[in-house]
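Open the model in a viewer and keep the selection panel at hand.

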Amino acid sequence: MQKAEQIWGAYAQSMQEQNDNWKNLLADDVTFTGPAAKAVGKAEYIKTTEDFFGMVRGAEMKRYVANENLVATEVEIKVATPSGNLIILDMTEFYEIKDDKIQSVKVHYDAQEFRKEFGMI
């Protein structure tokens, strides 16, 4: 069994390289919980993630910590909005790993500006 840090590292590398390998690291019943979206199941998670990453214009990993089954990150993500603005989201993410797969992802950030820019409020 691989450590959480190895699974998450392979996931992050695949995302950075923009290939589809990250999809193989997801559990079939993976869940995503964030302030502007939720997803249950692999197909829904993939769609939500691909939709979001279509708007990403840059990301900087600030730091991460890991134990046997959890990785926590602090990352700054630049997101293009429909109006042409660029907003910066200071996120914390929690990846729960079980049986060498990502079981859940919980994301936290101040979503007020995001919701405003995307017409959600």
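Helices (H or I, at least four residues) and strands (E, at least two) are DSSP runs, numbered from the N terminus. This is a predicted model, in which local features need pLDDT of at least 70 and side-chain atom pairs count only at pLDDT 80 or more, while totals for chains, interfaces and linings use all residues. Residues are numbered from 1 along each chain as its sequence is written, and side-chain values use heavy atoms, with hydrogens and water left out.

**Stop 1: α1**

Select residues 4-17, which form α1. The expected span of a helix is 1.5 Å times one less than its number of residues. For the 14 residues of α1 that gives 20 Å, and the end C-alpha atoms are 20 Å apart, which agrees.

Now colour A4, I7, W8, Y11, S14 and M15, which are buried. Buried means under 20% relative accessible area, exposed over 50%, and partly exposed in between (1.4 Å probe, protein chains only). Viewed down the axis of α1, these buried residues fall within an arc of 125°, so they line one face of the helix. The arc is that of the directions from the helix axis to the C-beta atoms. An α-helix has 3.6 residues a turn, so residues three or four places apart point the same way.

What do the buried residues of α1 pack against? Their partners are β1 (26-33), α2, β3, β4, β5 and β6, where contact means heavy atoms within 4.5 Å.

**Stop 2: α2**

Select residues 42-53 for helix α2. Its twelve residues should span 16 Å at 1.5 Å a residue, and the end C-alpha atoms are 16 Å apart, in agreement. Y45, I46, T49 and F52 are the buried residues of α2. Down the helix axis they fall within an arc of 135°, so they line one face of α2.

Pick T49 next: its relative accessibility is 8%, so T49 counts as buried. Beyond its neighbours within four places in sequence, T49 is in contact with M15 and W22.

K42, also in helix α2, is partly exposed, with a relative accessible area of 23%. Leaving out residues up to four places away in sequence, K42 touches K23, N24, L26, A27, D28 and V30.

**Stop 3: the largest pocket**

A pocket is an open set of points on a 1 Å grid over the protein atoms alone, where a 1.4 Å probe fits, with protein on both sides within 12 Å along at least five of seven lines; lining residues have an atom within 4 Å of a point.

To centre the view, select M15, F52, F53, V56 and I77, which lie nearest the centre of the largest pocket among its 37 lining residues. Elements giving two or more residues to this lining are α1, α2, β3 (56-66), β4 (70-80), β5 (86-98) and β6 (101-108). Which element gives the largest share of the lining? That is α2, with seven residues.

**Stop 4**

S104 lies in strand β6 and, at 8% relative accessibility, counts as buried. Not counting residues up to four places away in sequence, S104 touches V30, T31, F94, Y95 and E96.

Finish in the loop between β5 and β6, where D99 is found. D99 is not a glycine, yet has a positive phi of about 55°; at 53% relative accessibility, D99 counts as exposed. D100 lies in the loop between β5 and β6 too, with phi near 65°, and is partly exposed at 25% relative accessible area.
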